[in-house]
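Dear colleague,

Here is the structure for your files. My notes on it follow below.

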Amino acid sequence: MWCTIWQGLPRYTPAAETCSTFSEEVTPHPTTICCISTAAQGETAFELNSEAFRSLKSRVRKAIPYQHATWEWYIKACFIMLGNFYLEYLIYTQGPSLIKHGLLGFFMALVGLAIQHDANHGGVSPKGWVNQFWGYTQDWIGGSALLWRHHHVLMHHAETNVDGDDPDITGDLIRFTELTNWQGRHKYQAIYTWLLLPLLPLNWHFKEFFDLLNMSHMGRKISPMAKKDAQIALGFRGVFFVRFYIAPLYLYPSLHTVACQLLCLAIGGMYLGVNFIISHNYEGVKTVLQHSDRSKHVKKDWAYEQVETSSTVGGRALGFLHGGLNYQIEHHLFPRISHVHYHKLAPVVREWCKENKLRYAYYPTLYSNVVSCYKYLDQLGNASPQIG
Ligand SMILES: [Zn+2]
C-alpha cells in the first residue's frame, strides 16, 4: 500500500522537504506518501535545504536524538480513542444527548490534532505500518488519511501561504491574502469566518466523499497509484456514515438526535478550525508570491518562509491538548518530528531565528493569537480592492 512513488520524481521539491527526516539531506521517506499531486512535482520557488537550515537540523538532531512518539504519546492516543469508542457506545445504548455529543465532538477533534496528524506526517514511528495504522484514525472520525496527506502534507506544508497553492488560503469566500480580489462581503469576514468554522466537518464528510470517487482534491489529481487507498477510504467513509449519522437516527429518530449530531460537528469543527486559522493568519504574517509570478522572483529560503508564515502560541500545557500544533513554527520546520518533542525544539528554533534575524511570531495566550487573527482578517476585509 505504501509505495515508493518518490522514485523518478525530482528530489528537491518542497514536498520532498516536508517528507524528510531531520537529517541534513533532503531524503524523503519512501514509505511516507502514496498520493502524489502536481504540487509535489512542479518547479519550486524556494531554495531548499539551505546552509542555514542544515545548521538548524544539526542542532535539532543533537537536542532530539529520537524524533518519534514516546510512551506519553501512546498513552494519550489510547485514552483519546477509548474516549471516542465509549461515547459512541453510550450514544447507542442510552440515546443521544447534548453532553455526550458535545464531548464526542471534542474527542474527535483530539484525534485530528493529537493522533492522526503525527501519524500521517510519518512522525509516530520509523515503521511505516505503525504510522499507517494510527493514520487511519483520521478515517475513523470521518476524514481521510489519503486526502489529508494530499491536502495537508503535499500542498499546505510544502507551499505554506503561497497564494494559489496552499489550499488553506485558497478561495475567495474569505480574503486570506491581499492577492485575493476584494469583494464587498469581505468587510464582514472578521465576523463570518468564525461562524463558518463549525461547518467544516460537513464539508469534509460529504465533499471529500466525491473527491475520493473522482480521485481529485482541491483542483489537483491524485495519483492512480493511490486507487486502492481511495477504495479503502471510501469503505471507511461508508462505515462512518452508518456509525455517526444513520444508526443513531434509526435507533432514536427525532430532531433532538439531529441537533446533537450538529452540535458534535460544530464543536469538533470549531476546535480544529480555530487551531488551523490562527496559526497562519495573524498581524504581520507573510504571504508568499503569486504562483504565476514565480519565475520573476529570486528563490527564497524555504525554511525562512516556513518561519515567517507561521506562529507559535502558549507552551507545553496547551501543546498537550493541541497535539503540539500550537508550536506551528516548529511543526512547519520539522513536520516529521512527533509533537511530544516540540517543547524541547522551541528554544532551539527560537535561538536560530534570532541569529538569522527572523521574526519568531509568538503569542503567550490563545486569546492574544485569536485577537491578532481577527485584526488581520479585518484589515484584509477593509483593504481597498487591488492586485488580482
Ligand atoms: Zn502538519
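Of the 388 residues of the chain, 47% count as buried. This is a predicted model, and its secondary structure comes to 16 helices and six strands. Among contacts in the chain with a separation of 6 or more, 74% are between residues 24 or more positions apart.

Confidence

The mean pLDDT of the chain is 87, and 84% of the residues reach at least 70. Over residues 1–11 pLDDT stays under 50, and the model has 22 contacts beyond four places in sequence for them. Over residues 27–41 pLDDT also stays under 50, and here the model has 59 such contacts.

Cores

The largest nonpolar core has 29 residues, and the members that touch the most others are Ile-80, Phe-107, Leu-110, Val-111 and Ile-115. Helix 3, helix 4 (98–120) and helix 11 (255–280) are the elements that give two or more residues to this core. Helix 4 provides the largest share, 10 residues. Another core, of 19 residues, lies apart from it and includes Leu-56, Leu-333, Leu-345 and Trp-352.

Helix packing

Helix 4 packs against helix 11 at an angle of about 35°, with the axes 7 Å apart, and the crossing is right-handed. On the helix 4 side the residues that meet helix 11 include Leu-98, His-101, Gly-105 and Leu-113. On the helix 11 side they include Cys-260, Ala-266, Tyr-271 and Asn-275.

Helix 4 also packs against helix 5 (residues 128–135), at an angle of about 145° and with the axes 8 Å apart. That crossing is left-handed. Ile-115, Gln-116, Ala-119 and Asn-120 of helix 4 make the contact with Asn-131, Trp-134 and Gly-135 of helix 5.

Individual residues

Ala-266 is in helix 11. Leaving out residues up to four places away in sequence, Ala-266 touches Gly-105 and Pro-198. Ala-266 and Leu-199 are 67 residues apart in sequence, but their C-alpha atoms are 6.3 Å apart in space.

Ile-64 lies in the loop between helix 2 (51–63) and helix 3 (71–94). With 19 C-beta neighbours inside 10 Å, Ile-64 is also partly exposed. Beyond four places in sequence, Ile-64 is in contact with Ile-337, His-341, Lys-344 and Leu-345. Leu-345 is among the residues of the 19-residue core. From Ile-64 to Tyr-342 there are 278 residues in sequence and 9.5 Å in space, C-alpha to C-alpha.

Gly-319 is in helix 13 (residues 316–321). Gly-319 is buried because 23 other C-beta atoms lie within 10 Å. Not counting residues up to four places away in sequence, Gly-319 touches Gly-324, Asn-326, Tyr-327, His-339, Tyr-342 and His-343. Gly-319 and His-343 are 24 residues apart along the chain, with 8.1 Å between their C-alpha atoms.

Backbone

Most residues other than glycine have a negative phi. Met-215 has a positive phi of about 55° although it is not a glycine. Met-215 is found in the loop between helix 9 (200–214) and strand 2 (216–217), and is partly exposed, with 15 C-beta neighbours inside 10 Å. Met-218 likewise has a positive phi, of about 50°. Met-218 sits in the loop between strand 2 and strand 3 (220–221), and is partly exposed, with 18 other C-beta atoms within 10 Å.

Regards

Technical notes
Residues are numbered from 1 along each chain as its sequence is written. This is a predicted model: local features need pLDDT of at least 70, side-chain atom pairs count only at pLDDT 80 or more; totals for chains, interfaces and linings use all residues. Helices (H or I, at least four residues) and strands (E, at least two) are DSSP runs, numbered from the N terminus. A residue is buried if 20 or more other C-beta atoms lie within 10 Å of its own, exposed if 12 or fewer, and partly exposed in between; C-beta atoms are placed from the backbone. Two residues are in contact if their C-beta atoms, placed from the backbone, lie within 7 Å. A nonpolar core is a set of buried Ala, Val, Leu, Ile, Met, Phe, Trp, Tyr and Cys residues joined through C-beta atoms within 7 Å. pLDDT is the predictor's confidence in each residue, from 0 to 100. Axes are lines fitted to C-alpha atoms, for helices over the stretch in contact, and angles run from 0 to 180 degrees between N-to-C directions. A crossing is left-handed if the near helix is turned anticlockwise from the far one by less than a right angle, and right-handed if clockwise.
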